[in-house]
Amino acid sequence: MRRALVVGNWKMNLDHVEAVHLTQQLAVILASRPAEHVDVVVAPPFVDLRSVTSVIEAEHSVLEVAAQHVNPRPAGAHTGEIAVPMLTRLRVRWVIVGHSERRTHYGMDDQVVAETARAAVAGGLRAIVCVGEDEDVRARGEHRGFVEAQVLAALSGLSAPEGDVVVAYEPIWAIGTGRTASVADVAEMTEVIRAAVAATGVRGVRVLYGGSVTADNAAELFAADVDGFLVGGASLRAESFAAIVAAGESCYAGGR
Ligand code: PEP
């Protein structure tokens with residue numbers, strides 16, 4: 001049976017004290033309202049990872065932890081960067097790869113995205129690879145081909161156990177803007193992504209949507225045949241994030 005996946009990307013928000021607080025709140029909510037058909041992951045800033053994993057262990061919570069980025073090289077002279085083994089040693093299980101903010105502001109091109117996905121999976125992390133077009137690409141009607149090319153570039157030549165790769169469709173015009181993509185838009189693009197993934201031969205890939213997902217629109221968006229969501233703003237408050245998880249649970253509990 002398929003399981004949903006809901007990932008909270010905290011971006012550059014919450015210091016380690018605030019992160020501990022939010023993690024504790026989420027652990028309590030998930031213990032009292034178990035989401036048995038949803039994998040729930042939070043992606044705090046690097047400096048919070050140790051505290052967050054400690055809280056999760058102390059609370060025996062089902063929550064899992066992602067990093068927001070990783071450098072593909074194993075070690076060395078890369079000031080300011082973090083390597084895969086540093087994350088796995090902290091019991092971080094996931095990593096976001098190629099978020100549009102990293103692609104746009106920190107020069108992460110398709111080749112680096114592919115290298116990072118390969119290094120992450122080879123090192124024992126599960127990679128959440130982000131793809132998505134900007135407003136201009138969509139206005140030109142080129143979004144299908146653009147996103148297909150991003151998926152092929154990121155996954156081609158990747159050898160990964162089933163379930164270790166996730167693709168998140170995150171149209172840039174929908175991120176942090178309140179302009180959520182329509183169910184029809186998301187359904188169209190998840191179909192494109194699933195076909196591209198099939199062509200790469202990588203198996204067991206869940207496809208997420210991200211872009212202004214909230215507690216109010218999550219249930220409707222699940223109708224677009226997504227396996228879950230990558231959530232930014234709405235993941236910073238325990239109740240709104242838990243409500244998105246609950247929408248996944250209602251959708252998947254009936255055996256999607
Ligand atoms: C994101 O940062 O990946 C994201 C989808 O943000 P938001 O939910 O705030 O649009």
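These legends accompany close-up views of the pockets and the ligand in a predicted model.

**View 1. The largest pocket and its lining.**
Let's start with the largest pocket, whose volume is about 470 Å³. Its lining is made up of 17 residues, and Lys11, Met12, Gln68, Arg102 and Tyr106 are the closest to the centre. By class, the lining of this pocket has 7 nonpolar, 6 polar and 4 charged residues.

**View 2. Helix α4 at the largest pocket.**
Here the view turns to helix α4, which spans residues 100-105. This helix gives the most to the lining of the largest pocket, contributing 3 residues.

**View 3. The second largest pocket.**
Next comes the second largest pocket, with a volume of about 240 Å³. A set of 21 residues lines the second largest pocket, and those nearest its centre are Lys11, Gly176, Val231, Gly232 and Gly233. Sorted by class, this lining holds 7 nonpolar, 12 polar and 2 charged residues.

**View 4. The ligand and its shell.**
Which pocket holds the ligand? The ligand sits in the second largest pocket. Around the ligand are 14 residues, with Lys11, Glu170, Gly176, Ser212 and Gly232 the closest. The shell divides into 4 nonpolar, 8 polar and 2 charged residues. Lys11, Gly176 and Gly232 can be picked out in the previous view too, as they are among the residues nearest the centre of the second largest pocket.

Now for the individual atom pairs. In the side chain of Lys11, a polar atom lies 2.6 Å from an oxygen atom of the ligand. Gly232 takes part through its backbone, where a polar atom is 2.8 Å from a ligand oxygen. For Asn9, an N or O atom of the side chain is 3.5 Å from an oxygen atom of the ligand. How much of the ligand's accessible area does the protein cover? On its own the ligand has 290 Å² of accessible area, and the protein covers 95% of it.

Notes:
Residues numbered from 1 in each chain as written. Predicted model: local features only at pLDDT ≥ 70, side-chain atom pairs only at ≥ 80, totals over all residues. Heavy atoms only, no water. 1 Å grid on protein atoms, 1.4 Å probe; cavity = no way out; pocket = protein on both sides within 12 Å on 5 of 7 lines; lining within 4 Å. Points joined across faces, edges and corners; volume = space filled by probe spheres on them. Helix = DSSP H or I, 4+ residues; strand = E, 2+ residues; numbered from the N terminus. Nonpolar A, V, L, I, M, F, W, Y, C, P; charged D, E, K, R; others polar. Near = heavy atom within 4 Å. Polar contact = N/O pair within 3.5 Å; in protein donor to acceptor, adjacent residues only side chain to side chain. Areas by Shrake-Rupley, 256 points an atom, 1.4 Å probe, with all protein chains shown as cover. Sits in = over half its atoms within 2 Å of the grid points.
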